[in-house]
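Notebook open, model loaded. I'm jotting things down in the order I looked them up.

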Amino acid sequence: SLRRKEYDILEYLASNPGRILSRQMIIDHAWSHGSASWVGSVDVHIKQLRDKVDKPFDNPLIKTSYGVGYMIDPASKPLKK
């Protein structure tokens, strides 16, 4: 099961396959306007998502574009361990 923010982030990534989403774009989508969120919270939520969504598989779904943001690679197909 996913927490609300994890779900919001995963849904946003899945709605934009192949598109790199910056941390700020993720904050703007998953947190309400005027929220006092900080960019590091995105990294924490992505780590938690990876533990739940990627860890059980050999091929991770969530990709990092270092210094830019995160994406779901549409060519990536998770393989069960």
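I began with Asp51: its relative accessibility is 33%, so Asp51 counts as partly exposed. The cut-offs I used: buried is under 20% relative accessible area, exposed is over 50%, and partly exposed is in between (1.4 Å probe, protein chains only). Lys47 also counts as partly exposed, because its relative accessibility is 48%. The side chains of Asp51 and Lys47 meet in a salt bridge, 2.6 Å from N to O. For that term I require a side-chain nitrogen of Lys or Arg within 4 Å of a carboxyl oxygen of Asp or Glu. Both residues lie in helix H3, 4 residues apart, about one turn of the helix.

Before going on, a note on what I'm reading. This is a predicted model, where local features need pLDDT of at least 70 and side-chain atom pairs count only at pLDDT 80 or more, while totals for chains, interfaces and linings use all residues. Residues are numbered from 1 along each chain as its sequence is written, and side-chain values use heavy atoms, with hydrogens and water left out.

Confidence next. pLDDT is the predictor's confidence in each residue, from 0 to 100. I get a mean of 86 for the protein chain, with 86% of its residues at 70 or more. Where pLDDT is low, the predicted coordinates should not be read in detail.

Then the layout. I see 3 helices and 3 strands in the protein chain, running α-β-α-α-β-β from the N terminus on. These are DSSP runs numbered from the N terminus: helices are H or I with at least four residues, strands are E with at least two. Of the 81 residues, 35% count as buried. The chain exposes about 5,000 Å², and carbon and sulfur atoms supply 56% of it; the areas come from the Shrake-Rupley method with a 1.4 Å probe, and for residues only the protein chains shown count as cover.

Back to the charged pairs: the total is 4 salt bridges. Arg23 and Asp43 form one of them, at 2.8 Å from N to O. Arg23 lies in helix H2 and Asp43 in helix H3, so this pair ties together parts that are 20 residues apart in sequence. Arg4 and Asp8 form another, at 3.5 Å from N to O. They are 4 residues apart in helix H1, so about one helical turn separates them.

I stayed with H1 (residues 4–15). Its buried residues are Glu6, Asp8, Ile9, Leu10, Tyr12 and Leu13. What covers them includes E1, helix H2 (23–30), H3, strand E2 (62–65) and strand E3 (69–72).

Last stop, Ile72, in strand E3. Ile72 is buried, with a relative accessible area of 8%. Which residues does Ile72 touch, not counting those up to four places away in sequence? I list Leu10, Leu13, Ala14, Pro17, Gly18 and Leu61, where contact means heavy atoms within 4.5 Å. Pro17 and Ile72 are 55 residues apart in sequence and 5.2 Å apart in space, C-alpha to C-alpha. For the chain, residues 24 or more positions apart account for 47% of the contacts with a separation of 6 or more.
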